[in-house]
Amino acid sequence: RAVAPLHPVAVQCQEAQLVVTVHRDLFGTGRLVRAGDLSLGSASCLPVSQNAAESTVTFLAGLHECGSTLQMTSDSLIYKTNLSYKPTPSGNLVIVRTNPVVVPIECHYPRKSNVSSNAIQPTWAPFHSTLSAEERLMFSLRLMNDDWSTERVSNGFQLGESLYLQAEVSSEGHIPLRLFVDNCVATLSPDRNSSPRYAFIDLNGCLVDGRADDTTSAFISPRPRQETLQFVVDVFKFAGDSRNLIYITCHLKVFPADQAPNPWNKACSFNKASSLWAPVEGTGDICSCCDTGNCP
């Protein structure tokens with residue numbers, strides 16, 4: 001739309017960037033806002049140019065820049081950001097004369113058709129570049145109730161009970177990912193390298209605690225989702241130490257879901273009935289190093 005006091009914000013959705021033009025008469029009152037009080041996105045990007053004659057400022061940002069977010073539907077890619085106006089005091093430093101404003105901005109692109117005369121761009125960037133550009137992977141590790149339905153309210157346990165642990169990753173905007181728990185270490189302090197320490201998951205995904213005679217610790221198979229991995233560990237405490245608080249630190253990682261698990265990316269439990277290691281998914285040979293301890 002044309003930039004005028006009645007429509008003070010105009011957006012152009014281009015192939016790889018968006019252009020936002022803002023009329024400084026933002027409220028249509030004739031009082032111009034200061035350009036420095038306007039910003040774009042959660043990264044608070046500043047305008048790239050001003051037009052004094054037309055009283056406008058212009059923002060230019062790549063679709064993935066300035067903290068924008070990506071939402072996918074079956075038909076569209078939707079890039080979302082906000083234009084923010086945050087008035088700062090001038091003259092009298094204890095008052096302001098306008099309210100802050102947040103204007104939502106969206107650019108919609110079809111996923112399944114060519115939008116220009118140029119070659120079609122792939123929907124997915126290579127994973128490593130997507131990760132560094134968007135930083136949208138959100139990992140979590142939570143104590144759950146024994147039916148896995150909700151997060152456990154209390155973190156207190158009695159010996160003889162079990163920890164129900166759920167590791168997850170939120171990977172909106174990425175290729176499909178499968179989550180793995182590389183290792184988990186229990187310590188008496190937040191420092192995972194402190195002593196004493198007990199690694200109950202080790203060797204790139206071997207739940208070694210399940211190998212002990214008096215435990216039932218294991219990964220849950222099948223997974224509820226590729227991005228989620230659940231495992232049960234029998235409660236323990238450190239011998240000869242009266243402290244009841246134990247810290248658990250786990251290293252979570254992801255792997256493309258369309259690639260087969262391997263010795264570096266696996267989730268293996270020890271089956272006491274067969275005395276063999278079994279993976280949550282993949283062939284049994286990927287767990288062989290859980291016995292030898294010589295994982296690559």
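This is a predicted model: local features need pLDDT of at least 70, side-chain atom pairs count only at pLDDT 80 or more; totals for chains, interfaces and linings use all residues.
Which residue forms a disulfide with Cys45? The partner is Cys66, and the two sulfur atoms are 2.1 Å apart. I use the word disulfide for a pair of cysteine sulfur atoms within 2.5 Å.

Residues are numbered from 1 along each chain as its sequence is written, and side-chain values use heavy atoms, with hydrogens and water left out.

Back to Cys45 and Cys66. Strands here are DSSP runs of E with at least two residues, helices are runs of H or I with at least four, and both are numbered from the N terminus. The torsion about the S-S bond is -110°, a left-handed link.

For exposure, buried means under 20% relative accessible area, exposed means over 50%, and partly exposed is in between, with a 1.4 Å probe and protein chains only. Cys45 has a relative accessible area of 23%, which means partly exposed. Cys66, at 10%, counts as buried.

Next, the sheet that holds β4 and β5. Four strands form an open sheet in the order β1-β2-β5-β4, with antiparallel pairing; two strands pair if DSSP finds at least two bridges between them. β1 (9-13) and β4 (49-51) are at the edges with a single partner strand each, so one side of each has no neighbour in the sheet. β4 pairs with β5, residues 56-62, over three bridges. Asn51 stands opposite Thr56 in β5.

Now two other disulfides. Cys206 is joined to Cys290, S to S 2.0 Å. Its torsion about the S-S bond is about -80°, so this disulfide is left-handed. Cys206 is in the loop between β12 (197-201) and β13 (218-219), and Cys290 is in helix α2 (residues 288-292), 84 residues apart. Both Cys206 and Cys290 are buried.

Cys268 is joined to Cys287, also with S to S 2.0 Å. The link of Cys268 and Cys287 is left-handed, with -85° about the S-S bond. Cys268 belongs to strand β16 (residues 268-271), while Cys287 lies in the loop between β17 (276-279) and α2, 19 residues apart. Cys268 and Cys287 are both buried.
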